[in-house]
2 protein chains.
Amino acid sequence: MNITLIGAGNLATRLGICLKSNNHNIVQVYSRTEESAKKLGDILETDFTNNAAEINTISVIYIVSVSDSAIETVLSSIDFRDKLIVHTAGSVPMAVLSGYSKNFGVFYPLQTFSKEREVDFSKIPICVEANSSENLKILISLGDSISNDVRQIDSEQRKQIHLSAVFVCNFVNHFFTIGAELLKEKCVDYEILKPLIQETAQKATEFSPKTVQTGPAVRFDKNIIEKQLKMLEGHPEWQELYKLVSESIHRLYK
Amino acid sequence: MNITLIGAGNLATRLGICLKSNNHNIVQVYSRTEESAKKLGDILETDFTNNAAEINTISVIYIVSVSDSAIETVLSSIDFRDKLIVHTAGSVPMAVLSGYSKNFGVFYPLQTFSKEREVDFSKIPICVEANSSENLKILISLGDSISNDVRQIDSEQRKQIHLSAVFVCNFVNHFFTIGAELLKEKCVDYEILKPLIQETAQKATEFSPKTVQTGPAVRFDKNIIEKQLKMLEGHPEWQELYKLVSESIHRLYK
């Protein structure tokens, strides 16, 4: 399938590499900054531009993968000639695309992406939505070409999935970061946490996480909770987080 | 090695099963409630009691694995005749054992345990500490018999490791729970989150979590943050958590 990538960030990079390796033809990469456009163009061995007027007209799909707040600015600078345009954002309703083409949809891979880290797209849930059954078919077919888990999800559900993802990915990663920083203060190697991190995630994929909670907060072990709050006195922000999360856990199980 | 288990909770259960399968002789299980003592005694096919006076005197090690706040109560009810006693708690200093035997130490496996869930002890870091080099040798030898990762960790470091574990395990699991609850409200299958949960953990074991943060908070995407806060209006507690964690992320990277 002839595809143009609008955007050259983490998701555009990983998706572009995956699409190319699955025999799609990445016709062109567009980014507002020449350097980013060139970098991804070089990775994908394809044409690139930072000039919206130079965007090709031969693609079947134009995948707009820029930060959520930039989508409309970028779209308004390009003439899509009613070709199929999709965005890849969790929180942006499909309807925002309606002003820029008669054919539009959403192609949202639910995963955390970093430019340098390879991911296995075959296991990534792809949430698709389109303005017509014909466009939906195209997006399902595109999804099927790279993943075994393509789902039809409407804008309302996708928004909630994205909110949920912020908790289970970004916020979780922040707690990994706090955990690592705490160890550094006592010269303990971060590596010691890895089996625990892996098991915590593994458990949450085999059971409902609510049923496998452990630790002082769920036991409401006031003694430890107070000791640990005291240990966090040098970090009032983490102390406040500790307090709130412990209370939240306690309320859920009491 | 002849071993007595004092306690029959999650950790005592999994540790007992692991020790037995590595050819240690679990002489007896003690628990304050007869039902728990019998249950674990049956699992380990060994003697059990809920009468402190009946505890055997032939073990090399007495492993005290009860909730942190119960350790001293349990210890004071038993005459250990100066045998080696160890506790398995993260937050309890080794020194609390000094009043109950001349030989004491700590044997702390850093992992989250549930009674029903099998875990691979060979990868679990075992933090050991003892009151003498002789006792330390015994604990290292016991640790080596079940794990490839035995570390000498003092009480101060162990306390910090436990605090860190509360963030990366218990608090993380609570965010998995919130993520699952949010999906349920929109009839989205929790299963959709699993690849994201796995990748988030996997990334944190291959990189420093601080360097791989993604999402609206680290980009300081005010637009999404405000929309998502609004979506949480029905859950003031989660809304407050969202706000605090996002601010904490933002401050770390700005």
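The following legends describe close-up views of a predicted model.

**View 1. Strand S7 of chain B and its burial.** Strand S7(B) spans residues 126–130, and five of its five residues are buried, so the strand is largely enclosed by the rest of the structure. B:Ile126, B:Val128 and B:Ala130 point one way from S7(B), whereas B:Cys127 and B:Glu129 point the other way. In a regular strand, side chains alternate between the two faces of the sheet.

**View 2. Strand partners of S7(B).** Strand S6 of chain B (residues 104–109) runs antiparallel to S7(B) and is joined to it by five bridges. Within this pairing, B:Gly105 has B:Ala130 as its bridge partner in S7(B). Strand S8 of chain B (residues 150–152) runs parallel to S7(B), with three bridges between them. Here B:Cys127 is partnered by B:Arg151 of S8(B).

**View 3. The β-α-β unit of chain B.** Helix H4 of chain B (residues 133–144) forms a right-handed β-α-β unit together with S7(B) and S8(B).

View 4. Helix H8(A) covers residues 222–231, and its buried residues are A:Ile224, A:Ile225, A:Gln228 and A:Leu229. Viewed down the helix axis, these buried residues fall within an arc of 135 degrees, so they line one face of H8(A). An α-helix has 3.6 residues a turn, so residues three or four places apart point the same way. The face turned away from the buried side of H8(A) carries A:Lys222, A:Glu226 and A:Lys230, which are exposed.

**View 5. Packing around the buried residues of H8(A).** These residues pack against helices H7 (216–219) and H9 (236–253) of chain A. They also pack against helix H5 (155–185) of chain B.

Conventions. Residues numbered from 1 in each chain as written. Chains lettered and ligands numbered in written order. Predicted model: local features only at pLDDT ≥ 70, side-chain atom pairs only at ≥ 80, totals over all residues. Heavy atoms only, no water. Buried < 20%, exposed > 50% of the residue type's maximum accessible area, 1.4 Å probe, protein only. Helix = DSSP H or I, 4+ residues; strand = E, 2+ residues; numbered from the N terminus. Pairing = 2+ DSSP bridges. Right-handed = clockwise from strand over helix to strand, strands pointing away. Arc of directions from axis to C-beta. Contact = heavy atoms within 4.5 Å.
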